[in-house]
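Open the model in your viewer and keep the selection tool at hand. Each stop below says what to pick and what you will find there.

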Amino acid sequence: MLLRKILFIPLILIALYGCGTSTELGYVLANDSYRCEEFDVTKEEMLNLLNRARASSRNCGFKIFTPADRVAWNPTLARAALAHSTQMATKDFVSHKDPDGKDVSDRVEVVSYQWSTVGENISAGRENSAEVVSAWLNSPVHCENIMNRTFTEIGAACFHNKDTKYKTFWTVVFASPKK
């Protein structure tokens with residue numbers, strides 16, 4: 001069973017990234033310590049937790065938000081989220097800008113998502129979706145992204161690297177497609 005899981009995750013990553021030869025993908029395939037919350041669990045938990053949060057009125061710092069419509073899962077946004085979580089974990093940094101100065105809008109354009117609005121929450125060091133969403137809801141700026149009515153879709157991913165300070169890196173990309 002463990003061997004099946006170890007072989008299954010690289011196959012998912014290959015499907016998400018395509019057949020490219022990126023440095024990050026090579027690291028994923030060679031790294032035996034990438035384990036994180038399983039992709040299907042992250043997908044289900046993030047979507048449920050974020051939609052549950054959006055269903056209620058909420059104070060995000062000094063701003064009050066009324067309930068927002070549900071967001072839907074988008075696999076293209078999940079690819080952008082995985083790319084950023086992987087990069088943070090392989091290069092050991094926590095930032096919305098990558099070492100090349102690219103941000104979330106650049107990342108969603110790389111995966112060919114045509115967006116009208118886009119945002120991103122990141123986290124590091126937390127072990128599961130529930131811990132991550134709880135921390136975001138206690139942070140005014142992250143909470144505002146969660147409650148932002150203009151966002152209609154999300155994609156999320158985590159990546160683990162035992163050789164880094166925080167070990168586990170999370171990204172959720174919020175967006176609305178261009179009409």
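Start with Val 104, which sits in helix 5 (residues 104-110). Keep in mind that this model is predicted.

Is Val 104 buried or exposed? Its relative accessibility is 11%, under the 20% cut-off, so Val 104 counts as buried.

Now show what surrounds it. Leaving aside residues up to four places away in sequence, Val 104 touches His 96, Val 118, Gly 119, Glu 120 and Val 173.

Val 104 and Phe 174 are 70 residues apart in sequence. In space, their C-alpha atoms are 9.5 Å apart.

Next, the disulfide. How many does a search of the whole structure find? The search finds 1. Select Cys 60 and Cys 143: a disulfide joins them, with an S to S distance of 2.0 Å. Cys 60 belongs to strand 1 (residues 58-60) and Cys 143 to helix 7 (residues 140-147), so the pair ties together parts 83 residues apart in sequence.

Check the torsion about the S-S bond of Cys 60 and Cys 143. The value is about -50°, so this disulfide is left-handed. Both Cys 60 and Cys 143 are buried.

Stay with helix 7 for the last stop. Which of its residues are buried? Select His 142, Cys 143, Asn 145, Ile 146 and Met 147.

Definitions and conventions: Residues numbered from 1 in each chain as written. Predicted model: local features only at pLDDT ≥ 70, side-chain atom pairs only at ≥ 80, totals over all residues. Heavy atoms only, no water. Disulfide = S-S within 2.5 Å. Helix = DSSP H or I, 4+ residues; strand = E, 2+ residues; numbered from the N terminus. Buried < 20%, exposed > 50% of the residue type's maximum accessible area, 1.4 Å probe, protein only. Contact = heavy atoms within 4.5 Å.
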